[in-house]
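Work through the exercises below with the sequence and the 3D structure at hand. Try each task before reading its solution.

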Amino acid sequence: MEESGSASPSRAITVHGLTKSFGNHHALKGIDFEVSRGESVVIFGPNGAGKTTLIKILATIMNPSSGRILVDNLDLKDHAIKIRRSIGIVTHQTFLYGNLTARENLEFYARMYDVPDRQKRIRELVALVGMAHRLNDRVGTFSRGMQQRLSIARALLHRPSLMLLDEPETGLDQEANAMLWEALRSGETGTTPTIILTTHSLERGLEQCSRLLILVQGQITFEGSKQALKLDDLKRLYRHHTGVNA
Amino acid sequence: MENTGFLLAAFSIVWAVVFGYILLMVNRQRKLRIEIASLKATLKEKGIE
Amino acid sequence: MLRKLLVWLGVTLMVFSLFLVFVYVPTERTMGIVQKIFYLMVPMGWLAILSFLIIFVGSIFYLAKKSRRWDNLAFCGAETGLVFTTLALIIGSIWAKPIWGVWWTWEPRLTATLVLWLIYIAYFMVRSFASEEYRGATFAAVVGIVGFVDIPIIILSTTLWRGMHPGPIIFQGGLEPAMLFTLLVSLAAFTVLYVLILTQRVSLRNDQMELARLKELYH
Amino acid sequence: MKYWQKIMTVTWKDTIAEMRTREIISSVLVFTLLVIVIFNFAFGTNQTTLNLVAPGILWVTFTFAGVLSLNRAFVPEKEQGCLEGLMACPVSREVIYVGKMLASLLFMLIIEAIALPIFAFLFNLPVLSLQIIVITVLTTIGFVTVGTLFSALAVNTKAREMILPILFLPVVIPIIISAVLATGTALAGGSWSELASSLQIIAVFDVIFLVVSFLVFPYVIEE
């Protein structure tokens, strides 16, 4: 994470020939793409296209069936533990324990990620997500929205240089969603992180990202930068590739 | 020769089960092969495989 | 070709072993003719353990390579193993009745076989309870590995439990040469039979998989 | 050193979560007491009979207590995807296994530490000896090494409450046998050397399954 701003304009992520099978079901059928440092890429696709599988593989939660993935020029297979240090994840699940307080949850993850100066960092983040007043309450007593805010704090604790956002807007209210992007853009994590986002919302994806991929049935069917695209074009494009209205 | 019955029972049970199992397998495989062949033919007609 | 050879070898060995058991080998003095079940019981017990060795090998390679073929091997080993372990239990109780006067006795080897049988059952249960088939295969592989490693400990503990010393309990002074020879031929005959059955089962399972794949294509 | 810190962090997390609700310890403890009382009805109050069946009662009780508490070990991890959160942490999978195992071990030992005196009291038996404590600790280690592995497996299946005992019980039979034997010998006033063979089997089981579970655990939680 410290070296993310280093001089070499190298890539943050290289994915080559990635496949993933669950028994006879092929969730990802040979995926190739690259992401530069600091870039934000959005992946669109209908349900069951393999978006979540892809995110889980990048997060090293799931093992690919074949293919090669480099993160910061390190092979994911050989350097999983090192790479995990630089990854932050927000999904519709919060990864928080209902029986622990907000502080205990953050403290737990802070320890797991070797966050220096834990207490200060925790205070910083709960202030950022507006949860300071509930720090010592059990997470199980929180509303869904509050849990999601805390989940953002959890993901940012270790100042990740690569953010994986798997449909983050599910469960996040408008305000919390804005807060998340604000935090990512403001350099709260040190430098602007590389972002990979999956979402159903074409508007939000287009707004937040510089490049987009469309994933259909485990294959990337479209790849392009957003410059040339207006929302209407994207909608047409999406329908063309997926056969579904967005 | 007392207990010859037990000896014969043991041998016949083993052989009955073993042959039963083999027969079951051969039978199932024959049916499977027929099914596979017909499915392959239909798939070919449809031009999938 | 090889298979045909194996079939002939198996049939020859089997006939020869039957001849040895029923005609050639002398009847043991204290237990009488029923002692001859021994030549059936030992091969069954051996196949029960050999099958678990196959499950073990198949499971390890499946976890390492995630290739369907290794899971198939482990699964087929488990099924044939279950058949032979069940037979070992049945023969054990046919053996127990004339010798001890009861159908079931907690004799160490019989007890160990029963525990092994329960682990075989667990192997199939975990498969059927898994939410997806591929996960079931992984979980079964874990059970296969744990179960195999457990076998020596099970044998040790059941022996200790009945207060018997490990070692042959059927013959105090070791086997007579004629008996040993008969036993070895029986073991060889059943091992060849086992290989034939296992390969047949694997080929059947491959066909089942092929059918499943074709059906997937069809839909 | 870092390795141990992470392991202890996982154990610490489980422990404070348990302290807050006492879900496992209190429910399993009540269950244990009920089983002991029911066994008392089943075998009557004849002290000679009780001496004979006491080791069996003790280990049947602890075995089922183990199944019950291990069944809960991974349930909190499945809520809100916490297991995935753990897997995304910069630690090897084995850290998760050892951390959770130590927490389960702690809970089981607490339950046993409370149940044993009650057992001694109700059955009028000297089970609070060093010998029996050693047997209990060693056997419990065996329970949780295999149990944690199977618990992680069971939580990913349908009918998870059913699958754990079906897997767990046959595998731990060797240590239950040995624990019952050793407890019987210890209650009869046997010496350490008379316990040696049983304790050896339990210890060998512990070591082997610690290693095996350590090695296969990653496959259980990864897809």
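**Exercise 1.** Decide whether D:Arg93 is buried or exposed.

Solution. The model is a predicted one.
- Step 1: take the cut-off, which is that buried means under 20% relative accessible area.
- Step 2: compare the value for D:Arg93, which is 5%.
- Step 3: D:Arg93 therefore counts as buried.

**Exercise 2.** Find the salt bridge that D:Glu222 forms with D:Arg93 and state where in chain D the two residues lie.

Solution. 
- Step 1: the closest N and O atoms of D:Glu222 and D:Arg93 are 2.8 Å apart; the cut-off for a salt bridge is within 4 Å.
- Step 2: D:Glu222 is buried, with a relative accessible area of 13%.

**Exercise 3.** Locate the partners D:Glu77 and D:Lys13 in chain D and classify them as buried or exposed.

Solution. 
- Step 1: D:Glu77 and D:Lys13 form a salt bridge, with 2.5 Å between the closest N and O atoms.
- Step 2: D:Glu77 is in helix α4 (residues 75-78) of chain D and D:Lys13 in helix α1 (residues 2-21), so that distant parts of the chain, 64 residues apart, are linked.
- Step 3: both residues are buried.

**Exercise 4.** Describe the salt bridge of A:Glu124 and A:Arg121 and the exposure of each residue.

Solution. 
- Step 1: the two side chains meet at 2.9 Å, N to O.
- Step 2: both residues lie in helix α4 (residues 118-128) of chain A, 3 residues apart, about one turn of the helix.
- Step 3: A:Glu124 has a relative accessible area of 31% and is partly exposed, whereas A:Arg121, at 3%, is buried.

**Exercise 5.** Characterise the contact between chain B and chain C.

Solution. 
- Step 1: in chain B, 32 residues are in contact with 37 residues of chain C.
- Step 2: about 3,300 Å² is buried between the two chains, and carbon and sulfur atoms give 79% of this area.
- Step 3: sorted by class, the side of chain B that touches chain C has 21 nonpolar, 4 polar and 7 charged residues.

Terms used. Residues numbered from 1 in each chain as written. Chains lettered and ligands numbered in written order. Predicted model: local features only at pLDDT ≥ 70, side-chain atom pairs only at ≥ 80, totals over all residues. Heavy atoms only, no water. Helix = DSSP H or I, 4+ residues; strand = E, 2+ residues; numbered from the N terminus. Buried < 20%, exposed > 50% of the residue type's maximum accessible area, 1.4 Å probe, protein only. Contact = heavy atoms within 4.5 Å. Buried area = accessible area lost by both parts, 1.4 Å probe. Nonpolar A, V, L, I, M, F, W, Y, C, P; charged D, E, K, R; others polar.
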